[in-house]
Amino acid sequence: MSLAVAVVGGLHAAARTAAVDRLLADVPGSVVLHHDLSTAPAGRVARTVRDRDGIVSRGETPLVNDCACCALREDLVPELRRLADAATTRLAIVELWDSVEPKAMAEVIASGGLTVTSVITAVDPALVLPYLGNGDDLAEAGLAAAATDRRTVADTFARQLEYAPVLALADSPEADDEDMELLAQLHPTARRVPIGAPAGDGGPPTRPRSTAWQVPGGADAGNPGAGDPGAGNPGVGDPGPLARAALAGFDVEAAAAAQHPACALLPQEADDHGVSTLVWHRRRPFHPERLYAALEDLTCAAARSRGRFWLADKPDSLLHWDAAGGALCVESAGPWLAALPDAAWELVPPVRRAAAALDWHPEHGDRCNHLVFTSPGLDREGLTGLLESCLLTDAEYAAGRESWRRLPPAFDTLLEV
């Protein structure tokens, strides 16, 4: 039997627990592996493995370099391999601790030679806006994964939300149309699955039953139905939408590329139920001083904003914009492709080259400003005007790149140049 691994995470703990319990109920032969990082002050991380009937085993692992998340990484793959070798588990559900981000864990699992079949973030729709607006450090909320953890609640939640191709939605009476629209605009390509839908209540599978549960690299002729939770289990019918999503398949490399600022799958223009997404795309660089002076207003203009941008004094650097909770992270994401010699293009991933080709300008190449702002009550006109005012003027633009390079380097402190 091939072991499938589904990663379930999210800061909304009650929703996460509900999603995990639903998977245990709907997928026969499944277990949940969980590392509790709240025990880190005692110098250890507690591990539990449970099935639908209760705890199967307990254990603990010491901190690595005073880091609970590092201990999790060290312990996770050996535990999953033990389950795989035992050949009694069909689905291993890795329930991440609150602030652990799924991207790092999915990559650790895949690098260990195991098959990640899904990454799921559990969400209470009524809590999306409050969490995106929470600029508190994780340490202040008791959620830091290490003593050096400087992440905030908002930026951690945003990354958990946007990385996962599946969002498991808790039944939330407090959620309204605005909450659901905000969630849809923040991650329009995600498959949104209600946690409460029991087995047999999810509608027809999207693929024929004979293949819908095939684990990638899994069932072979000697083990028919290895990827099907109903195989060999009389009375088990359609296992439900969340269980199907947990075994649908997952591409770790494609997921990473979709988060890279050079080729990220950013939201499109939208405006519905009081929520708007503004996509701002320009082929003229920002004036560093004017943009720096506007950072606070731009950061606070939307619940969430992200993308890539171009500073006139740094024409070769692709810069990443990532804002949530009233806090902005600006960092270099390497060179624009247009700044690289032709020979270096072979070293660039094909998805990056394809993204650049779709957005190529005869003079500037892939250099551009592509920022996306999503929020209820977004002042689209005011935000657009503020962004436009930060670009080079016609006279500044006409002066050319050598003149641009001599502009005051207002972002050097932020970029730690």
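Q: Which residues line the second largest cavity?
A: The lining belongs to a predicted model, where local features need pLDDT of at least 70 and side-chain atom pairs count only at pLDDT 80 or more, while totals for chains, interfaces and linings use all residues. Residues are numbered from 1 along each chain as its sequence is written, and side-chain values use heavy atoms, leaving out hydrogens and water. A cavity is a set of points on a 1 Å grid over the protein atoms alone where a 1.4 Å probe fits but cannot get out, and lining residues have an atom within 4 Å of a point. For the second largest cavity, these residues are Leu33, His34, His35, Leu72, Leu76, Val94, Glu95, Leu96 and Trp97.

Q: Which element gives the most to the lining of the second largest cavity?
A: Helices (H or I, at least four residues) and strands (E, at least two) are DSSP runs numbered from the N terminus. At least two lining residues come from each of β2 (30–36), α2 (68–86) and β5 (91–95). With three residues, the element that gives the most is β2.

Q: Which are the edge strands of the six-stranded open sheet?
A: Two strands pair if DSSP finds at least two bridges between them. The sheet runs in the order β9-β10-β14-β11-β12-β13, with antiparallel pairing. The strands that pair on one side only are β9 (270–272) and β13 (327–335).

Q: Over how many bridges do β11 and β14 pair?
A: Strand β11 covers residues 304–309 and strand β14 residues 369–376. Arginine 304 stands opposite threonine 374 in β14. The two strands pair in the antiparallel sense, and the number of bridges is five.

Q: What angle does the direction of helix α6 make with that of β10?
A: Helix α6 (residues 177–186) packs on the sheet, touching β9, β10 (275–282), β11 and β14, where contact means heavy atoms within 4.5 Å. Axes are lines fitted to C-alpha atoms, for helices over the stretch in contact, and angles run from 0 to 180 degrees between N-to-C directions. For α6 and β10, the angle is about 25°.

Definitions and conventions: On a 1 Å grid over the protein atoms alone, a cavity is a set of points where a 1.4 Å probe fits but cannot get out, and a pocket is an open set with protein on both sides within 12 Å along at least five of seven lines; lining residues have an atom within 4 Å of a point.
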